[in-house]
Every structure is written in structure tokens, then in C-alpha cells.
There are 2 protein chains.
Amino acid sequence: MRIGELSRRTGVSVPTIKYYVREGLLPAGRLTSPNQASYDETHERRLRLVRALIDVGGLSVAALREVLDAIDDPQRPVHKVLGEATHRLTASSGGEADPEREAARVTAKELVADRGWRVGDENPALDALAGALAALRQVGHADFFEVLDTYAEAAERVAAADLAWVAGGARREDLVESAVVGTVLGEAVFAALRRLAHVDASARRYGEEEGEARE
Amino acid sequence: MRIGELSRRTGVSVPTIKYYVREGLLPAGRLTSPNQASYDETHERRLRLVRALIDVGGLSVAALREVLDAIDDPQRPVHKVLGEATHRLTASSGGEADPEREAARVTAKELVADRGWRVGDENPALDALAGALAALRQVGHADFFEVLDTYAEAAERVAAADLAWVAGGARREDLVESAVVGTVLGEAVFAALRRLAHVDASARRYGEEEGEARE
């Protein structure tokens, strides 16, 4: 198909499609004449993936390019690619090393050890967890740590369901793409569900009228 | 304390503190002379809250100002303020109404109804959920919907723990602030834990050597 048709099918403008090609997020079309290219269903599928990860997942173009490189490299063994792809989805929080941050890292590592999770010390999600825990302490809410076990148990159940779903994809390409999609979009799904569950829990606890609660 | 001391204690630069005051995120200090202001512990606490919500929670200055307004208004009943504060934390996804989006909204509402959650049709988290579900369908991963029940059940457990924690805060100001902190930072905590649980689940399923798994 021509680029105009690709644009119409996906709702992504022609200039944006050209930008993604220049940035390496989308393979160039097959040249059918010196100034005309042809696109197929693989472009359409990749373009939808790019949009979903940017729009819903909030990924930067640079982060997305790294993740797509991991998806597209057929040489690497599956478990390595899964690790790398999701590794790159977790931005290093960039916080400076300070005593509170270091203490939070210890807490984070203890939590992981208590669960028996096999996670390397360099995993960026450990940093992300430590950053969130340090922030909670800094705003005077270290008591939030009480609910960490409930969080960890829920995360374990969700992760098990995610993996079972990812493993359902038969082809290697599907496997890695599913892991990326599930990691990014699954996070958005869970965040929305948690907020909806909050509304319900708050209505029940604070005893509103049924009518008022429906907001 | 002087603004320099406030800066030293919190690690936030003086120009940034002045910017937050201009933007209405931090109350002005008490003037002790025509060009000198004094700050106290309430400023320090608020400044830490502002930084945590911006740095870890990723809130925009505009969204944060609305949330802080809800925290600071002593007139509104608690359940209203809780709802409003968390309402404003959920950005409307701004996606256009299209048939896929509408279908995803129906799925989202059915899921909420199945759980028996009392949530109004206008809640922005419903839109956020519909947006994520529509994106999953568009990238060819509607089969992810299989794991939604597991997600919803985990979200319910986490939300119940969150509410119990929030209710532990005695004063009204604490209650609302806790709800905001718990919503925003709790999300970062859960996302990090889910990714750590993924690493472990992936290592177990794909049978790496223990050494390799530790990355």
C-alpha cells in the first residue's frame, strides 16, 4: 500500500509516519519508484505497536528504539531478549546516591529476598522501587511500608498471569513483542483498575449515599 | 528559617523554590523584612511532597496545583475531597471516540460491573482503562483480556490495603494527603514490584542458569 493508505488505516499522519521511519522506529517502505514507497501489513502492525507504546505507555522515542532493536534481533536467545526488552522499559530514576536512597535500596533488596525473587542487584526496577520508597519516607509516609507485602503478593500473581499469557505466543517474535506490550500496557491497565477499585473501596468505607458514590 | 536553609534541608534549589511559590504549589514565606521571608516546617513538608509527586509521580505543575487545592480546602467533606484529589491524578487520555474505543469502554464497564465496583460512568480511570484496552486490541493482543480478572482481583486487594492505610491517618489533612501520596507513589511502587516479579517468573519459566538469571 502507499503511505497515504497506511496513514488512513492507522490514523497516524503522513509526516509522523515519515518521522518514525527517520528515527528508526519503522522500517522504510519498499521503493517502487525513485520517490514512491510501498508498505505492507508488517508496517501497519509495527506502526500500531509504536503508537500504543508512545501514547498509552508514555515511552520516549529513544527508549522505544532500543526496545524495538531488542525485539528485532533474531540472534539473541529468548530469555536474554525478554530481560533486555523489559530492562530498557524501566528508566533509571537518576536520583543521586544519598543516605535515604541507600537505606531504601536495602529495604527494596530485603523485600525481594523475602519473596525469594531471583533478581540481579543491577536491575533498574530495584532502583525504581528504592526511589519510590525513599520518596515515601521523605514525605513522612514511611508507614506505607506496612502494605508492601500486600503489594508484592499482588505483583507476584499479576506477573505469573503475564508470563503465562506471554508464553502463549508461539513464535519468538510474538513472545518478545508480547512481553513488551504486556509490560507497558499491562501497567496502564493495572493502574486504571487500582484507581477504580479505590473509588469503590472509598465509597464503602466512607459510607456515602449510593447516588453520591456514583461519581 | 531562611530560604537558603529550606533549600539546604530539602535539596531543592532556591530558584526552584521561588518558582513553586509563584506557581502556587508552595505558600509564600512570612515576610520578616521587605525583601526577606521566613519558612517553617510546614513549608518543608509541602516542598518534599511537591518534589515527590513531580519526580516520582510524574505529575505536571498544573495537575499538582489542582490536587493541592483539593488537599487544602477545609470546607469539603472528606469523601468528596478524596474523590476529587484522585480524580485529578488521572489524566483524561484525550483519545478520540472511535468504534474500537467505544467497544473498549463497554468492556471496561462490564469488568467494573462484574466486580461489583460502584464507579460512576464519568470516572476518568474508566477512560484510561478503555484507552489501554483499545491499544491492546489495536496491536493484535486482545487475548490479553484473559488476564483481566487476575488484574482486577489484585487491584482490589491492593486498593483495600491502600484504604486501610489511608484511614490510619487521624487528621483530615493527613487523610487526603495520604490518599494522594498513596495513589501516586503506590503506583510507582507496584509497577516496580511487578517488573521485579517478571524477572523472577521469566527466569523460572525459561530455565536459565542461576548465574544468568541474576541480571
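This is a predicted model: local features need pLDDT of at least 70, side-chain atom pairs count only at pLDDT 80 or more; totals for chains, interfaces and linings use all residues.
**A hairpin, a helix pair and an interface**

Let me start with chain A, where strand β1 (residues 30-33) and strand β2 (residues 36-38) run antiparallel and are joined by 3 bridges; strands here are DSSP E runs of at least two residues, helices are H or I runs of at least four, both numbered from the N terminus, and two strands pair if DSSP finds at least two bridges between them. β1(A) and β2(A) form a hairpin with 2 residues between them, and Ser33(A) stands opposite Gln36(A) in β2(A).

Residues are numbered from 1 along each chain as its sequence is written, and chains are lettered from A, with ligands numbered from 1, in the order in which they are written.

Turning to the interface, 77 residues of chain B are in contact with 77 residues of chain A, contact meaning that C-beta atoms, placed from the backbone, lie within 7 Å. On the chain B side, the largest share, 23 residues, comes from α9(B).

Finally, within chain B, helix α6 (residues 99-115) and α7(B) pack at an angle of about 120 degrees, with their axes 8 Å apart; axes are lines fitted to C-alpha atoms over the stretch in contact, and angles run from 0 to 180 degrees between N-to-C directions. The two helices, α6(B) and α7(B), are therefore oblique to each other, oblique being whatever is left after under 35 degrees (roughly parallel), over 145 (roughly antiparallel) and 65 to 115 (roughly perpendicular).

Notes. Two residues are in contact if their C-beta atoms, placed from the backbone, lie within 7 Å.
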